Amino acid sequence: MNHHKVHDRYKIISLITASSEDIVKLLLRETINSLETAIRSIDDDNIQKRNESLTKAQQLILEMMVYVARDTESGQNLIILLDYINHSLILANLKKDKVLILEGKSHLNVLLENWEN
């Protein structure tokens, strides 16, 4: 078995056995990475890559919402924030607006810092 297959299997097993908290952290990191790619794509005037990156970020945000406890006030507030970020990314894609992407990325960085501490 080659190195890439072993690494891919390890990632799959890690995800299957991960706690909800670990999955949210992973989703946050991946979303932030997608937003960074989207920003670079705007700078490079790469419409397809920008759209792919922002769409991926939106999908990751929706996936994150699955793991949020909706029965608490903080959970409900987090859902509202994630929904706001998701809506902002839709607008950012339509308007090619880096400011909206940077704002969403900033919120996600704060969330990630809080989850990691």
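Helices (H or I, at least four residues) and strands (E, at least two) are DSSP runs, numbered from the N terminus. By that rule, Leu26 has its place in helix 2. The model is a predicted one, in which local features need pLDDT of at least 70 and side-chain atom pairs count only at pLDDT 80 or more, while totals for chains, interfaces and linings use all residues. Residues are numbered from 1 along each chain as its sequence is written, and side-chain values use heavy atoms, with hydrogens and water left out.

Taken as a whole, the protein contains five helices and zero strands, so that the pattern read along the sequence, under the definition of helices and strands already given, is α-α-α-α-α. Of its 117 residues, 35% count as buried, where buried means under 20% relative accessible area, exposed means over 50%, and partly exposed lies in between (1.4 Å probe, protein chains only). The protein exposes about 7600 Å², and carbon and sulfur atoms supply 53% of that area; accessible areas come from the Shrake-Rupley method with a 1.4 Å probe, and for residues only the protein chains shown count as cover. Among contacts (heavy atoms within 4.5 Å) between residues at least 6 apart in sequence, 64% join residues at least 24 apart.

Helix 3 has 20 residues and reaches 29 Å from its first C-alpha to its last, close to the 28 Å expected at 1.5 Å a residue, the expected span being 1.5 Å times one less than the number of residues. Its buried residues are Arg50, Ser53, Leu54, Ala57, Gln58, Leu60, Ile61, Met64 and Met65. Because they cover an arc of only 160° around the axis, they are on the same side of helix 3; the arc is that of the directions from the helix axis to the C-beta atoms. An α-helix has 3.6 residues a turn, so residues three or four places apart point the same way. The face turned away from the buried side of helix 3 carries the exposed residues Gln48, Gln59 and Val66, whereas the buried residues pack against helix 2, helix 4 and helix 5.

Helix 4, which covers residues 73-95, has 23 residues and reaches 33 Å from its first C-alpha to its last, close to the 33 Å expected. Among its buried residues are Leu78, Ile79, Leu82, Ile85 and Leu89, and what covers the buried residues of this helix includes helix 2 (20-43), helix 3 (47-66) and helix 5 (98-116). Just after helix 4, Lys96 takes a positive phi of about 55°.

In soluble globular proteins, nonpolar side chains tend to be buried together. A nonpolar core is a set of buried Ala, Val, Leu, Ile, Met, Phe, Trp, Tyr and Cys residues joined through side-chain atoms within 4.5 Å. Here the largest such core has 27 residues, and those with the most contacts inside it are Leu28, Leu35, Met64, Leu82, Leu89, Ile101 and Leu108. The elements that give two or more residues to this core are helix 2, helix 3, helix 4 and helix 5, and helix 2 gives the most, with nine residues. Not counting residues up to four places away in sequence, Leu89 touches Leu35, Leu54, Ala57, Gln58, Ile61 and Ile101.

Helix 2 also holds Thr31, which counts as buried at 0% relative accessibility. Leaving aside residues up to four places away in sequence, Thr31 touches Ala57, Leu60, Ile61, Met64 and Leu108. Leu26, by contrast, is partly exposed, with a relative accessible area of 31%, and its C-alpha atom is separated by 9.5 Å from that of Met64, 38 residues apart along the chain.

A search of the whole structure finds six salt bridges, each being a side-chain nitrogen of Lys or Arg within 4 Å of a carboxyl oxygen of Asp or Glu. In one of them, the side chains of Glu21 and Lys25 meet (3.6 Å, N to O), and both residues lie in helix 2, four residues apart, about one turn of the helix. Lys56 forms a salt bridge with Glu30, the closest N and O atoms being 3.8 Å apart; Lys56 lies in helix 3 and Glu30 in helix 2, so the pair ties together parts that are 26 residues apart in sequence. Glu36 and Lys105 also meet in a salt bridge (3.5 Å, N to O); Glu36 lies in helix 2 and Lys105 in helix 5, so this pair ties together parts that are 69 residues apart in sequence.
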